[in-house]
Amino acid sequence: MNGKVFPVHNNKFKFGIKGLESTEEDMVLPKDLINFAPAIDGTVEEWYAMDAEGWAKANVTGKKLSFSFQGKRSVGDPGNDYIAGMMLAMGDAAMTQFEWEMVSGAKLAFPCVINVTTPGGGETTNLDSLEFEAICYGKPNFTPAATA
């Protein structure tokens, strides 16, 4: 059998609850996250060289990695409280450590900027929401999955 699929919930996320100074012991999964969406924006420079006879050449010259998360506001959970508490934070106060363990076993780790976009709200019969972005600060550290 070639290939194997996994449910999205097999992805594992950890956020530091002590900002940029977070150690492994300070890394937690905020409770009640229900959706995540990674985005990679590349900066591509294009040019039309004389030697290419009118055909374009291109090169990726920059990258930006970010994740958007949606969830429920789970008061009392250390990770959820920490992220929600960054609602008005700016500068270094809006930064922490982030880790994503993919279903393959590969990992991405990096300092990130937390931008809380929805600290609560919804219809009167809904549960309070929490939505935020984790934006990579600089180049992430990628660890490939162990080979069998």
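Predicted model: local features only at pLDDT ≥ 70, side-chain atom pairs only at ≥ 80, totals over all residues.
User: Is cysteine 112 buried or exposed?

Analyst: Buried, because its relative accessibility is 0%. Cysteine 136 is buried as well, with a relative accessible area of 13%.

User: Switching topic. How many salt bridges does a search of the whole structure find?

Analyst: Four. One of them joins the side chains of glutamate 24 and lysine 14, at 3.5 Å from N to O.

User: Where do glutamate 24 and lysine 14 sit in the chain?

Analyst: Lysine 14 is in strand 1 (12-16), while glutamate 24 is in the loop between strand 1 and strand 2 (27-28). The two are 10 residues apart, and the pair links distant parts of the chain.

User: And how accessible are they, as relative area?

Analyst: Glutamate 24 is partly exposed at 47%. Lysine 14 is also partly exposed, at 30%.

User: Which residue does lysine 18 meet in a salt bridge?

Analyst: Aspartate 26, with 3.6 Å from N to O. Lysine 18 is exposed, with a relative accessible area of 54%, whereas aspartate 26 counts as buried at 11%.

User: What about lysine 57, what is its partner?

Analyst: Lysine 57 forms a salt bridge with aspartate 51, and their closest N and O atoms are 3.1 Å apart. Lysine 57 is partly exposed at 31%, and aspartate 51 counts as exposed at 59%.

User: Now the inside. Which residues in the largest nonpolar core touch the most other members?

Analyst: The core has 23 residues, and those touching the most other members are Phe15, Phe67, Phe69, Phe98 and Ile114.

User: Which elements give two or more residues to this core?

Analyst: Strand 1, strand 4 (57-72), helix 1 (78-84), strand 5 (95-101), strand 6 (107-118) and strand 7 (129-136). Strand 6 gives the most, with five residues.

User: What is phenylalanine 98 in contact with, leaving aside neighbours within four places in sequence?

Analyst: Its contacts include Phe13, Phe15, Phe67, Phe69 and Phe110. Also among them are Lys14, Met27, Leu108, Ala109, Cys112 and Ala134.

Terms used
Residues numbered from 1 in each chain as written. Heavy atoms only, no water. Helix = DSSP H or I, 4+ residues; strand = E, 2+ residues; numbered from the N terminus. Buried < 20%, exposed > 50% of the residue type's maximum accessible area, 1.4 Å probe, protein only. Core = buried A, V, L, I, M, F, W, Y, C linked by side-chain atoms within 4.5 Å. Contact = heavy atoms within 4.5 Å.
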